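Here's a quick briefing to read with the model open beside you. Start with the cores, then move on to the rest.

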Amino acid sequence: MRLEVLKTYKIYIGGQFPRTESGRYYTPENKSGKKLANVCLCSRKDLRDAVVAARSAYGSWSNRAAFNRGQILYRMAEMLEGRKAQFVEELVMQDSAKAAAEKEVNLAIDRLIYYAGWCDKYQQLFSTVNPVGSPHFNFSVPEPMGVAGIIAPQDSSLLGIVSVIAPVITGGNTCVVLGSEEKPLCAITLAEVLHASDLPGGVVNILTGKPEELNPWFAGHMDINAVISCDENPEVQKLIREKSVANLKRVFFYDKRNWTGGEGESPYLILDTQEIKTTWHPVENIAGAGGGY
Amino acid sequence: MPLRKEIQYLPDFRLSPRIDQVGVEERAARFTKRSIKNESKKDGLRLVLNMIDLTTLEGKDTEGKVRQLCYKARHPHDALPGLPAVAAVCVYPSMVKTAKKALEGSGIKVASVATAFPSGQAPRDIKLRDTRYAVANGADEVDMVISRGKFHEGEYNFVFDEIAAIKEACGQARLKVILETGELGTYDKIRRASDIAMYAGADFIKTSTGKIQPAATLPVTLVMLEAIRDFYNKTGKMTGMKPAGGISKSKLALHYLVMVKEVLGDDWLTNEWFRFGASSLANDVLMQLVKMETGQYQAGNYFSAD
């Protein structure tokens with residue numbers, strides 16, 4: 001007979017695993033009333049620290065070669081594959097059936113592979129060469145926006161969080177993510193996977209706690225450039241929209257979205273957190289020759 | 001230079017008090033544990049802003065950059081009205097004239113580094129000319145560096161005489177003496193260098209040039225503050241303190257204020273006797289002040305870089 005060594009679920013900020021600054025914890029339970037774990041109940045100050053980490057990681061992540069970002073996302077999928085059993089076990093503990101849990105983990109892995117492939121391809125898809133009436137070569141390309149604040153879906157512990165993080169970092173952004181409140185286990189275990197892959201610290205920062213408490217801080221923070229929420233509640237959506245006005249951040253609601261289906265992955269999700277930059281490049285009008293752009 | 005009457009005898013600097021390293025570091029760590037309530041924090045932050053020597057000491061400095069910095073000194077953040085200006089702008093001697101003109105009528109001082117900053121490896125006559133040049137161009141304050149090499153050789157008389165000579169060359173300008181604590185090595189030596197500087201006539205003692213790591217730390221500053229206190233008790237003369245380099249967060253700056261208050265008292269809590277040598281601290285303080293005003297965390301790109 002030995003005592004089980006229970007895992008301490010800590011948060012993930014700047015490539016490190018601190019406890020919440022607030023010293024608060026909560027204990028989510030599954031449907032049969034089993035206590036899942038003691039999980040950090042993050043405060044606005046944890047969010048503040050995470051945004052600082054995300055901002056400082058942004059420069060090198062957004063300047064990294066797109067192909068290299070793809071390699072890193074692929075590596076994340078590889079590491080996730082290696083920890084499959086643990087994720088299945090956690091999902092089962094959080095009320096999934098065994099078969100559904102296995103399916104969810106497989107889908108999460110495939111989703112990372114999917115976005116790994118997109119890393120150096122969405123630019124071609126969304127770039128345009130524009131017709132203009134002057135001797136200019138005029139083209140538009142997508143560029144990352146900066147730091148995204150993400151409130152992950154509540155009902156899907158692993159697939160949900162992977163599906164919202166992947167398109168954001170594929171596009172060269174960094175992010176701060178709040179995991180599912182009631183099913184937080186996979187979010188933190190995912191942080192351990194990210195930590196063990198080649199993803200630089202600070203690109204993804206994972207917090208746990210109550211969306212209700214942190215929503216206004218996500219939406220109001222001047223150094224967050226986009227907020228993605230999966231909340232269906234119109235009151236919550238209204239609050240986020242209002243608070244986001246201060247620095248005109250982009251707001252997206254991925255509500256009522258079925259993450260297991262075809263709408264769970266799309267290059268248009270990458271486009272959501274991109275800015276379009278248009279360049280006017282003067283060209284010589286050779287001997288009055290017409291045509292060109 | 002004639003010594004003032006109240007200092008009849010110079011102490012033997014070899015006998016400067018020894019410093020208990022563990023004690024000083026633990027004492028300094030205590031200052032970071034004080035709880036500061038919001039009202040005091042706001043006043044504290046405004047005081048910090050008012051104590052900053054806004055600094056640019058780069059080889060690539062241009063007159064335009066210096067004018068820009070002076071504008072920042074006069075207008076830290078116009079979106080938040082009623083802010084105090086910074087204490088001084090700190091530049092190289094060649095930029096003093098530009099800074100002086102840009103700050104005309106604002107009451108903000110111009111500080112100039114001098115004496116072959118940052119190494120101090122030059123003959124005395126060059127250091128004196130450097131100092132006179134800065135003062136002639138209108139510097140209100142001179143930041144000199146001590147000869148660390150001579151100090152390590154045990155040539156305390158040389159170091160003392162040099163500081164005294166520069167003090168004389170400063171005339172009306174106040175003299176800050178940079179010890180470059182990162183190159184001194186031990187707290188004992190920092191204490192000894194502080195004593196030498198103050199007895200030789202320093203108006204301020206300053207930790208670092210900002211070019212060497214480690215720069216200012218809480219324990220180093222504590223050692224220097226205690227030297228100032230002992231000197232004050234012995235001679236009745238107040239000396240200013242300027243930690244410089246490595247202080248970029250408001251929270252840390254508030255810890256420094258706590259330390260000054262607890263070691264030296266309220267008399268030193270003005271920019272006449274305490275300064276921060278920093279370039280990025282100002283923006284962090286401004287971001288905190290705006291956060292307290294609006295209730296929202298701020299982003300660096302809404303504040304002018306310099």
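The largest nonpolar core has 90 residues, and those with the most contacts inside it are Val48(B), Ile52(B), Val89(B), Ala99(B), Ile146(B), Val177(B) and Ala197(B). A nonpolar core here is a set of buried Ala, Val, Leu, Ile, Met, Phe, Trp, Tyr and Cys residues joined through C-beta atoms within 7 Å. Buried means that 20 or more other C-beta atoms lie within 10 Å of a residue's own, with C-beta atoms placed from the backbone.

This is a predicted model: local features need pLDDT of at least 70, side-chain atom pairs count only at pLDDT 80 or more, and totals for chains, interfaces and linings use all residues. Residues are numbered from 1 along each chain as its sequence is written, while chains are lettered from A and ligands numbered from 1 in the order in which they are written.

- Once you skip neighbours within four places in sequence, Val89(B) is in contact (C-beta atoms, placed from the backbone, within 7 Å) with residues including Leu54(B), Leu69(B), Ala99(B) and Val110(B).

**Chain B overall**
- Chain B has eleven helices and eight strands, and its C-alpha trace spans about 55 × 45 × 35 Å along its principal axes.
- Buried residues make up 48% of the 306 residues in chain B.
- Take contacts in chain B between residues at least 6 apart in sequence: 75% of them join residues at least 24 apart.

**Strand 5 of chain A**
- Five of the five residues in strand 5 (residues 147–151) of chain A are buried.
- Val147(A), Gly149(A) and Ile151(A) point one way from this strand, and Ala148(A) and Ile150(A) the other way.
- Strand 5 of chain A runs parallel to strand 6 (residues 174–178) of chain A, joined by five bridges; strands pair if DSSP finds at least two bridges between them.
- Ile150(A) has Val177(A) as its bridge partner in strand 6 of chain A.
- On the parallel strand 8 (residues 226–229) of chain A, four bridges join up with strand 5 of chain A, and Val227(A) there is the bridge partner of Gly149(A).

**Where the chains touch**
- Eight residues from chain A and five residues from chain B make up the contact.

Note on methods:
Helix = DSSP H or I, 4+ residues; strand = E, 2+ residues; numbered from the N terminus. Buried ≥ 20, exposed ≤ 12 C-beta atoms within 10 Å, placed from the backbone. Contact = placed C-beta atoms within 7 Å.
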